[in-house]
Amino acid sequence: MQQAVADQAPANIKPVEQPVKKPRSQQGFTLIELVIVLAILALIIAVMSSGLFQSKEDAKVQAVKTQLLKDFPNGITQLVTMGNSCDNTVVTYARMVTRGVPAKTVFGSIWSITTSGGNIATVTYPLDLSDATLATDLVTAMSTAPNVTSATGTATQVVINYRCN
């Protein structure tokens with residue numbers, strides 16, 4: 001009988017629906033998620049910054065090579081040609097700077113030049129390198145230059161002997 005009553009219910013009455021409980025939505029990030037993201041970012045920054053610092057030092061070494069292979073030999077040659085000798089009165093720091101050699105090194109320090117009275121001009125070029133292998137590579141490159149008689153150096157300075165002729 002109850003079935004018959006339910007079947008005869010008016011069509012416009014809707015059955016009662018129970019409210020569905022929605023799961024609680026997350027309103028932010030958990031502490032663990034934030035720590036993981038920060039750790040990943042720190043790792044990426046550490047890897048990128050070391051590469052940037054190394055490439056900056058490599059660029060400075062290339063600028064040093066350019067100065068030592070081009071600027072210094074050109075300045076010495078011009079002074080020796082004009083003065084007809086290779087001594088401390090002809091080849092000086094001040095005269096080299098007037099001939100276009102930069103007054104300071106790439107690292108911001110002052111270089112020096114001396115002559116032995118013979119046919120050799122010695123340039124002492126201060127360096128500020130954190131990587132000693134770059135200094136070794138610089139000395140090797142200088143040793144093979146056509147107008148260099150010898151080159152020695154450390155991470156703090158390079159000493160190069162140029163032929164004056």
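**View 1. Ile-120 and its bridge partner in strand E4.**
Ile-120 pairs with Arg-163, its bridge partner in E4. The two strands are E2 (residues 120-126) and E4 (residues 157-163), which run antiparallel and share 7 bridges. Strands pair here if DSSP finds at least two bridges between them. Strands themselves are DSSP runs of E with at least two residues, helices are runs of H or I with at least four, and both are numbered from the N terminus. This is a predicted model: local features need pLDDT of at least 70, side-chain atom pairs count only at pLDDT 80 or more, and totals for chains, interfaces and linings use all residues. Residues are numbered from 1 along each chain as its sequence is written, and side-chain values use heavy atoms, leaving out hydrogens and water.

**View 2. The open sheet.**
Four strands line up in the order E1-E2-E4-E3, with antiparallel pairing. Strand E1 (112-115) and strand E3 (148-153) are at the edges; each has a single partner strand, so one side of each lacks a neighbour in the sheet. From one strand to the next, the twist averages 15°. In a regular strand, side chains alternate between the two faces of the sheet.

**View 3. The E3-E4 hairpin.**
E3 and E4 are joined by a hairpin through 3 residues. Their antiparallel pairing spans 5 bridges. Thr-152 has Val-159 in E4 as its bridge partner. Helix H4 (residues 132-143) lies across both E3 and E4, and runs at about 175° to E3. Such angles run from 0 to 180 degrees between N-to-C directions, using axes fitted to C-alpha atoms, for helices over the stretch in contact.

**View 4. Lys-65 in helix H2.**
Is Lys-65 buried or exposed? Lys-65 is buried, yet has no salt bridge. Buried means under 20% relative accessible area, exposed means over 50%, and partly exposed is in between (1.4 Å probe, protein chains only). A salt bridge needs a side-chain nitrogen of Lys or Arg within 4 Å of a carboxyl oxygen of Asp or Glu. The nearest side chain of opposite charge is Asp-137, 6.6 Å away. Lys and Arg count as positive, Asp and Glu as negative; His and the chain ends are not counted. Lys-65 belongs to H2 (residues 31-83). Not counting residues up to four places away in sequence, Lys-65 touches Leu-138 and Ala-141. Contact means heavy atoms within 4.5 Å.

Asn-84 sits in the loop between H2 and helix H3 (93-98). Its phi is near 60°, a positive value in a residue other than glycine. Ser-116 lies in the loop between E1 and E2. Which residue's C-alpha atom is 6.8 Å from that of Ser-116? It is that of Asp-87, 29 residues apart from Ser-116 along the chain.

**View 5. The whole chain.**
The chain has 4 helices and 4 strands. Read along the sequence, the pattern is α-α-α-β-β-α-β-β. Of the 165 residues, 25% count as buried. Among contacts between residues at least 6 apart in sequence, 51% join residues at least 24 apart.
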